Amino acid sequence: MDWAPAQRILQQMSPVGESDLIPLLQNLQDTYGYLPAEVLTEVSRQTGIPTSRMYGVITFYAQFSMKPRGRHTIRCCRGTACHVRGGQSVADAVGRVLGIADGETTQDGRFTFETVACLGTCFLAPVMMVDNDYFGLLRPEKVNSILDAYP
Amino acid sequence: MISPNTPIPNAAALKAWRAELVETRKRTRGRVLVCATGCRALGALDVSKAFRDKLASAGLSQEIDVVETGCHGLCARAPLVLIEPQDFLYGPVAPADVDEIIEVTLRGGKPVTRLCGKADGQTTAVLREEPFYRAQKRDVYRLCGRVDPKRIEDAVAYGTYETLAKVLTSRTPEQVISEVTASGLRGRGGAGFPTGRKWALCRDVAGDRKYVICNADEGDPGAFMDRALLEGVPHQILEGMLMAGYAIGATNGVVYVRAEYPIAVEHAKIAVEQARAHGLLGRNILGSKFSFEIDIRMGAGAFICGEETALIASLEGRRGMPRPRPPFPAQRGLLGCPTTINNVETLANVPLILRDGAAAFSAVGTAGSKGTKVFALAGKVRNTGLVEVPLGATLRQIVFDIGGGIPGDRPFKAAQMGGPSGGCVPAQYLDLPIDYDSVKQLGAIMGSGGLVVMDSSTCMVDIARFFTDFVHKESCGKCVPCRVGTKQMLDILVRITKGEGRMEDLEKIVSLGEMIRASSLCGLGQTAANPSLSTVRHFRDEYEAHIRDHRCPAGVCRALLKYTILADACTGCHACAKKCPVAAIVGKAKKPHEIIQAKCIKCGACREACKFDAVRLE
């Protein structure tokens, strides 16, 4: 495990106190793509924040993951506006095409599939995001060709 | 001239800078305002780039400014472009339309009618003539869509921070609080607590260090007004926070914004940096004795963190679990210090109140609810977008006059108001004036202003199941009524949507719902049953149809649906089979096809694909 990026983050954020835990984890996840246990153990040793405390926070918030994530993240919106305009069938289609459930990553490490409470783009409903690109006014049969563009 | 990194020494210098900026503006004869926030999802950045490139090659760059702005409101026609000075509103605009707009409008001064709105067969080129805008009162949103959110110069040219200067030089904190109290402003995030009283409570608590938190953790599905404000007019929010800080005696502010809103995060960060560089944050702001700093913190994906004590726990680096009140945050808040937490839209109202006075503000609205309210209009409605109306406007005005009614002119069934804490308001209340108190009487809440329109194709039992599933997943798990009660409620609702419900389930929903409401710790639990309770109250017949007749009248609950192909009507064109995502449709060419029921996932794609009405839904 490359320890240098975590070291840089700790230096930039110094002094790191317990109230900085969430931004610290956000920075680590941005850099490593997920939160590797070895890195957390070392961060705990250097900051004095117990790993149990970290684990409690990581498992509480939907954003954090201790497992490696796919190269691309698909976020299907399950907000109200998307729901009444057929968002569930779009999410079902993604799951079917990739053969994985909400929260899982494909075997080949290409996609992580998540559903989110609301993307705040209700006028495009039903909507999903792949990485930072929005796709709106979706139909289940459009899913295949959208995902094809993300190798 | 104020250079980019010079602190503004005092109110007079700010005023002089504004005059200078307004003068600079006059050098161009027109502006092209492209929404680059919400509309970005539909290619708005390509449109603004096309304008820049083509205006440059047409030699018009010196005369016409291209500005990437926040949301114009009428999201249904995204990407939107507004042309000043005529105020022509175009949308949807593609890069291919840019040449024509330059020729006809920017050179010729005339509207490109094919890009304008249509109402009653008439073309409406000018923004204020659009039916969508006519019945609105856009006060809080006045600058959203007019200014470049990434340039403090734009904000200052339109008068942002000028009221702050007035407040710092000529008002005491107590005067600020009494003005806000007199205005009748109530919190726009949900509960509707009087803002002035909240500030007074915090001011009265002794403490060397106090905090102002801007709650931008807009988690209600179906609400996007705070996102638009932070993206479109971030300096207006900062001005509101500065005023709150001055009023309660705080030195520090935090903007707590959802990580799911990357543009809002970016614009808020830029605004804070610019305000700091110009001395509008930091020590001795505008030469006064008032010092204030603002940090931006991102949420990590937990709906409960919109609750104030959970938000504070999250800022302190802990699991976002609410705690009992008292002590209220005004007494013991962030890191134990007295803290005021206001929602984004609440803070956006504050500079308006202190600019125009409490009397002007409270002249708008109803007896108990003053000012305007922004609603995020979505769901089964033509003009989805952001709508600002005086409190006391009716649902009919919002959904039909402004929203343009329901696509296909299907009948209006209900409006879901207030997100997962709210409820469904049925058609018989279309003419009820909406304010904090009237909506509460119907079993909903105004909440943050999410308003999702539902028509005959929306199943109310499914909606109750949907929200109960949401609150069950988002429950922090601390108290039993919420953690276990929402699970029990969900089981009952799932059972009904599968056609396995029992008539006594209806009474169970009501008694369980009232128990959850009475005994939960925080607002999430106390309101978790509202969607179930309000739908049982207003749409009991739909529940009964599911339970007694095993029928979903709206045709939504999949377990109760069956798709079949009518052999007489089927031409064997194979169109349905091609669309079927699970290959459940078989049949030879030009012969009637058949659906294999065991494979069918009831998505309805075949019914939509069929040109001969041969797919029947039972």
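How many salt bridges are there between domain 1 of chain B and domain 2 of chain B? The count is 1, a salt bridge being a side-chain nitrogen of Lys or Arg within 4 Å of a carboxyl oxygen of Asp or Glu. The tour reaches this pair after the interface between the chains.

**Before selecting.** This is a predicted model, in which local features need pLDDT of at least 70, side-chain atom pairs count only at pLDDT 80 or more, and totals for chains, interfaces and linings use all residues. Residues are numbered from 1 along each chain as its sequence is written, chains are lettered from A and ligands numbered from 1 in the order in which they are written, and side-chain values use heavy atoms, with hydrogens and water left out.

**Colour chain A by pLDDT** (the predictor's confidence in each residue, from 0 to 100). The mean for chain A is 93, and 100% of its residues reach 70 or more.

**Select the interface of chains A and B.** Here 37 residues of chain A are in contact (heavy atoms within 4.5 Å) with 54 residues of chain B. The buried area, meaning accessible area (1.4 Å probe) lost by two parts on being put together and summed over both, is about 3,700 Å², with carbon and sulfur atoms giving 59%. Next, show A:Phe60, A:Thr80 and A:Phe123, which supply 19% of the area that chain A buries against chain B, more than any other three residues.

**Display the salt bridges between the chains.** The rule finds 3 across this interface. The side chains of A:Glu141 and B:Lys579 meet in a salt bridge at 4.0 Å, N to O. On the chain A side, α2 (21-32), α4 (51-60), α5 (80-84) and α6 (87-98) of chain A each give two or more residues; α4(A) gives the most, with 5 residues.

**Move to chain B, domains 1 and 2.** By an automatic or database domain assignment, chain B includes domain 1 (30-84 + 88-125) and domain 2 (152-361). Their centres, taken over C-alpha atoms, are separated by 34 Å, and each domain brings 9 residues to the contact. The area buried between domain 1 and domain 2 of chain B is about 550 Å². In domain 1 of chain B, B:Arg31, B:Thr37 and B:Arg40 lose the most area to domain 2, together 59% of what that side buries.

**Finish on B:Arg31 and B:Asp154.** Their side chains meet in a salt bridge at 4.0 Å, N to O.

Notes:
Helix = DSSP H or I, 4+ residues; strand = E, 2+ residues; numbered from the N terminus.
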